[in-house]
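Hello,

Here is the structure you were waiting for. My notes follow below it.

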Amino acid sequence: MSLELPTDRLLIREWELGDAEDALKIYGADEVAHWLTPEWHPVNETDAMRSVLHAWIEAGPNLIPPAGRWAIVRRQDGQLVGGLSLKLLPPFEEDFELSWALRPDVWGRGYATEASRAVIAWAFEQGIEEVFAVARPRNERAIAVARRLGMEWVGETEKYYDMRLQVFRLRPG
Ligand SMILES: CC(C)(COP(=O)(O)OP(=O)(O)OC[C@H]1O[C@@H](n2cnc3c(N)ncnc32)[C@H](O)[C@@H]1OP(=O)(O)O)[C@@H](O)C(=O)NCCC(=O)NCCS
């Protein structure tokens, strides 16, 4: 499902192969990679990042809507500042998980919250009834985003990704 979603400061759009160099500044940063799920293989070079983007772009049309992976671009200067995804959580693939990654030098400006609000509103328009976020207990910034979005704390579980995670949920309204 192709998406282009503007907010006050940002544009959420599909990934392009030409994003590889800028995407590496996000996903190649230790401060970001450290917190990603165990499925994530660290990426240190533009070519490797391009391969990841290629896989994401190829997989897009086969995801169950409204799942997707998107780039977050700052409208003011066109810079790629982050990525956002809505994916079915393993292993049961019933719950949609929202997750974020921002380039470390733009943390603290509310971009993750702003982009998430837009994607969540759009996802609810598509008919899903809840959105989840999961975070490691020590990932204070991710937990703060979930709380800022008004998500409720559901509990702690090891059922996703075989690791202890805090679970948050948001329902329409
Ligand atoms: C998780 C992550 C996206 C959060 O980024 P973040 O910048 O802290 O979150 P936001 O973009 O929502 O910004 C919130 C901060 O901006 C501030 N802010 C400034 N302007 C704001 C605005 N207009 N709206 C909301 N917050 C604003 C808030 O006060 C808050 O500041 P604080 O951190 O000092 O309390 C980022 O830390 C990251 O990429 N981490 C690595 C990857 C990761 O952990 N992903 C989640 C896996 S579950």
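The UniProt record, an unreviewed entry, annotates residues 10–168 as "domain: N-acetyltransferase". UniProt positions are in the numbering used here, feature names are shortened, and annotations may be inferred rather than shown by experiment. This is a predicted model: local features need pLDDT of at least 70, side-chain atom pairs need 80 or more, and totals for chains, interfaces and linings use all residues. Numbering starts from 1 along each chain as its sequence is written, and side-chain values use heavy atoms, without hydrogens or water.

Over residues 10–168 the chain is 31% helix and 27% strand. Helices (H or I, at least four residues) and strands (E, at least two) are DSSP runs, numbered from the N terminus.

Now the ligand. W100, G108, T113, N139 and R141 come nearest, of 20 residues around the ligand (a heavy atom within 4 Å).

- T113: a polar side-chain atom is 2.5 Å from a ligand oxygen.
- L102: a polar backbone atom is 2.8 Å from a ligand oxygen.
- G110: a backbone N or O atom is 2.9 Å from a ligand oxygen.

The protein buries 72% of the 950 Å² that the ligand exposes when taken alone (Shrake-Rupley, 1.4 Å probe). α2 (30–33), β5 (96–102), α4 and α5 (140–148) each give two or more residues to the shell. α5 gives the largest share, 4 residues.

Last, α4. In this helix, 12 of 15 residues are buried (under 20% relative accessible area, 1.4 Å probe, protein chains only). T113 is one of them. Just after α4, G127 has a positive phi of about 105°.

Best wishes

How values were computed:
Buried < 20%, exposed > 50% of the residue type's maximum accessible area, 1.4 Å probe, protein only. Polar contact = N/O pair within 3.5 Å; in protein donor to acceptor, adjacent residues only side chain to side chain.
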